[in-house]
Amino acid sequence: MNITTDTNSETEARPPRRWLSRRFSRRALGGIAALAVAGALSLSVAQAQGFGGGPEGFMAFRMHKILDRIGATDAQMAQIKSIWEGLRPQLKTLHQQHAALRQQITQAMTAATIDPAAIEKLRQQSVSVMDKASSVMTQGFVETARVLTPEQRKQAAAEIEKARENRRAHFQDGGPGMGEP
């Protein structure tokens, strides 16, 4: 084997850089593909278990994590689950009403002729529906807080604030989709 120290001469000991970059690209693509498959599998498992089936599924997942972190008992968790299952039909109806209003607003905004009075009326209806949803959510939070001890409520508030800070930092630091073009 003849290896020289001359930087201008080609050596047979090192593979060409193009081969190395293609090899790295294939490995990187393989890793990304594996992560995508794993993500899809975990999402399908979460949906099957009721954690990913829409906004209420995600909220239930987040609430369960917080209750777990604050040491809620099984009895407390069951009671809280019952509270939110009782409110779910109301929240679902309000969510559907709000979605229908958003669709109507979009149609009104994309019509050949814009009717500001009609759009304002739809906006007011949308605000009213969201106010009702906020009232139902507040009712659920109050009932949930009554199940927890004062210390658990303080811990839950700290957990919620920590999550808010994480989201705020994520978006301030240019999380996915937030960076420069």
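User: Leaving aside neighbours within four places in sequence, which residues is H98 in contact with?

Analyst: S126, V129 and M130, where contact means heavy atoms within 4.5 Å. Bear in mind that this is a predicted model: local features need pLDDT of at least 70, side-chain atom pairs count only at pLDDT 80 or more, and totals for chains, interfaces and linings use all residues. Residues are numbered from 1 along each chain as its sequence is written, and side-chain values use heavy atoms, with hydrogens and water left out.

User: Why is H98 called buried?

Analyst: Its relative accessible area is 13%, and buried means under 20% (exposed is over 50%, partly exposed in between; 1.4 Å probe, protein chains only). So H98 counts as buried.

User: What makes the H98 and S126 side chains a polar contact?

Analyst: They come to 2.9 Å, and the term asks for a pair of N or O atoms within 3.5 Å, one able to donate a hydrogen and the other to accept it. So the pair qualifies.

User: Where does H98 sit?

Analyst: In helix α3, residues 74–109; a helix here is a DSSP run of H or I with at least four residues. The protein chain has five helices and zero strands.

User: How much of the protein chain is buried?

Analyst: Buried residues are 18% of the 181.

User: How many of the contacts with a separation of 6 or more in the protein chain are between residues 24 or more positions apart?

Analyst: Such residues account for 65% of them.

Definitions and conventions:
Helices (H or I, at least four residues) and strands (E, at least two) are DSSP runs, numbered from the N terminus.
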